[in-house]
Structures are given as C-alpha cells and as structure tokens.
Amino acid sequence: MEYSERKKAVLVLKDGTVFFGKSVGVEGTAFGEICFNTGMTGYQEIFTDPSYFGQIMLSTTAHIGNYGVNVDEVDSDGIKISGLVCKNFSYYHSRPNSESDLLTYLEKANLIAISDVDTRALTAHIRDNGAMNAIISTDGKSIEELKVMLENVPSMEGLELSSKVSTKEAYHFGNPDASHKIAAVDFGIKTNILRCFEERDCYVKVFPYNVSYDELVAFGADGYFLSNGPGDPQALAKLGVLDTVNKVIDSGLPVFGICLGHQLIGLSQGVSTFKMFSGHRGVNHPVMNLGSTQGEITSQNHGFAINKEELAKHTNLELTHVHLNDGTVAGMKMKSKNVFSVQYHPESSPGPHDSRYLFDEFVENIKNNKGATV
C-alpha cells in the first residue's frame, strides 16, 4: 500500500490532547484505556493477551509487523486489545516461518490500527499525565464528534472485565496421565501459562471465573492456580469470587497466583488494591527477589497493584518481590499457608525466562504436600 493512498487517522485522549496519523487498514472507531508497552518483540503475544482486553495498545518500539505472525505465538483464542497505535507499520515481513503478514491478521479480527503517530511524544504524555481513556478513528469522524463519544467510555477504575474473556465452559490442557493435577481459575488466562504447567508434568483443568469451590474440589486437584486477567480487581471481587479464593486458600493445598490472581489473594486477606498512574507493561521490568537477593528482568502487564503499606502491616503476609523502578509490590506469600503470588508474568510470553522458576516452586510445593499427606 502506498503511503499516499492511506487515509488520515486521529487519536483523541480524555484530556483533549490530539495526535494524528495514518490508517493501517481497517476503517472505523475504537476506544479504551490507552497504555504503552516497551517490548521490542512479541507483539502477537501482547495483542492476544486477555489482560489487555479493553485497552488501546501503544507500542513504543519503532516497527510493528516486520516479522509477521505465527499460530504458535498466540496467548488466547484471538486478539484482545481494542486498538493499536504505532510509529511504523510493516506491510511486508521477512521471517521465514511466518504464516501471514500482520495486516491480514488484524483485518481478520477487524482491529483498528493507526500508524505514523509520534509515539515518543504520546508515551511521554502518558508518563506525565497517567493512563487515560482514548479513542482512535480512521473513518473521517471529526475531533469534536470523537470527544463527545469519548465522554461515554467507562473508566478502567471500577470496571469488571474478567467475565468478558474467561472461558464459558471448563476444559482440560495437557496429558491426562501427568503426575500432577492443577485446577486453574480463568480470569483471563494466557495459553503460555498452561504450556509452562504442561512442561512440568501437570494436567490442568481450566474453570470459568465464577466457578464454585465445590466444582473445583470435584476435580481432585493437587494444587490451585489463580490466573491473570483484565480490569479492576475490586470490581471483580464484588461478584463474589473472593469467597471461592478464600476457600481455595483454606483448603491447605498449594496455591499460586499471577497478576489479577495475585491481587485477588491480597483482597481476600483484607489488603486493598489501587489503580496505578500509568502501570507496568513491557518485557524489561527489574524485580528483586528478597529471599534470594537476586534480580530478575520480568515481563509485566498490569494497571493495578497491591497496597504496600497495608501488606507490611499484615501479620500473615510477607513481601517476597519488589519492583525496583518504583518499589511497588511484585510478589508475596502467606506465612501460615502454602500460598504465594506475583504481580508479573513468569510465563514470559513475551519476555525473558528469569522468573520461570516460580512454576518449578509451585510444582515442588505440590510434591511436598503430597508427601506430607501420604
């Protein structure tokens, strides 16, 4: 596609700031909270991450689409972002094992994307002013019309989204003859998390977000997993999921939580969560493991976090990992229960593998618990 043939596009932020660009392909209008991801690779994994549901993705890397797409690099049943903003969009790709170009992939999902935006200026604006709602349009709507539409877009704070992305029916993943059985509650689970369990000889049954504790028990699992997911954890808690979380914790079986699952564990113990100014999204976030004193470069994607001051005062919770950029809570464990959780994504899809040991620790907890009950 020639540059001159591409239609003009516009991005309007909640605070009234306007950015201009070019339409990548699909015509229309999309809205959501705009957030930026600093990863230089892994765009397909990012686009299909259910935790990004309801968000417009701003990529800070200069090129998107240059290596095409591959079916092995999806983390759900399809694209979950609401829209895409980038600097340079590659209509051609050069990776030999790519199955398609990115444009075709986006068109099949009817995803609106805009390019040729000053992404450095836009990222700096979000850093200074915080994550906020935005609207992108490629179909000629006026700026004033878009501003009116943007007024009706709900804030991410107080928004419950797990019910939009969670599985409707329970399903299995892995080898039925595996050594360990895990019951996973799907608040927006990523496929690569399931792959990490399968690689560790685990058979997983994935349940909907609103599963009852009795349904979980009926599976006869050796441990429980609480997944990542989108939206405000306090809004999700109002749907009654904390009752199940508490029963899972009280079961005595090992429990592991990631991201939203981590936040729900905190909420279940009376520790509040808060909306972050701009959130953590990328594959280069430094975390300190306070137990080993080793640093980890981690993959992160969250706009909410656990209250660190409340955690410090809690008699039964212990801070285990801390984000080195801003000191926020990156991990915790319970002192009296076999329960631990992290705020980031150890399945590293995309991202470095520094934190995959956490899956090993969970499986080791399962093995030790089995030995203790024999």
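**A chat about G229 and the residues around it**

Student: Where does G229 lie?
Tutor: In this predicted model, G229 lies in the loop between strand 13 (223-226) and helix 8 (233-250).

Student: Is G229 buried or exposed, and why?
Tutor: G229 counts as buried because its relative accessibility is 9%, and the cut-off for buried is under 20%.

Student: What is G229 in contact with, neighbours within four places in sequence aside?
Tutor: S51, F187, G188 and L260.

Student: And where is G231 found?
Tutor: G231 sits in the loop between strand 13 and helix 8. G231 has 11% relative accessibility, so it counts as buried.

Student: Which residues does G231 touch?
Tutor: Leaving out residues up to four places away in sequence, G231 touches M156, L159, L161 and F304.

Student: Which residues does UniProt place under "binding site"?
Tutor: The unreviewed UniProt entry gives S51, G229, G231, L260, Q263, N301, G303 and F304. They are spread over 254 residues of sequence, yet they cluster in space, with a largest C-alpha distance of 13.3 Å.

Student: Which of this set does the lining of the largest cavity take in?
Tutor: The lining takes in S51, G229, G231, L260, Q263, N301, G303 and F304.

Student: New topic. Where does Y43 lie?
Tutor: Y43 lies in helix 1, residues 43-47. Y43 counts as buried because its relative accessibility is 4%.

Student: What is Y43 in contact with?
Tutor: Beyond neighbours within four places in sequence, Y43 is in contact with I64, G65, N66, Y67, G68 and L102.

Student: What separates Y43 and E361?
Tutor: Their C-alpha atoms are separated by 29 Å, and Y43 and E361 are 318 residues apart along the chain.

Note on methods. Residues are numbered from 1 along each chain as its sequence is written. This is a predicted model: local features need pLDDT of at least 70, side-chain atom pairs count only at pLDDT 80 or more; totals for chains, interfaces and linings use all residues. Side-chain values use heavy atoms; hydrogens and water are left out. UniProt positions are given in the numbering used here, feature names are shortened, and annotations may be inferred rather than shown by experiment. On a 1 Å grid over the protein atoms alone, a cavity is a set of points where a 1.4 Å probe fits but cannot get out, and a pocket is an open set with protein on both sides within 12 Å along at least five of seven lines; lining residues have an atom within 4 Å of a point. Helices (H or I, at least four residues) and strands (E, at least two) are DSSP runs, numbered from the N terminus. Buried means under 20% relative accessible area, exposed over 50%, partly exposed in between (1.4 Å probe, protein chains only). Contact means heavy atoms within 4.5 Å.
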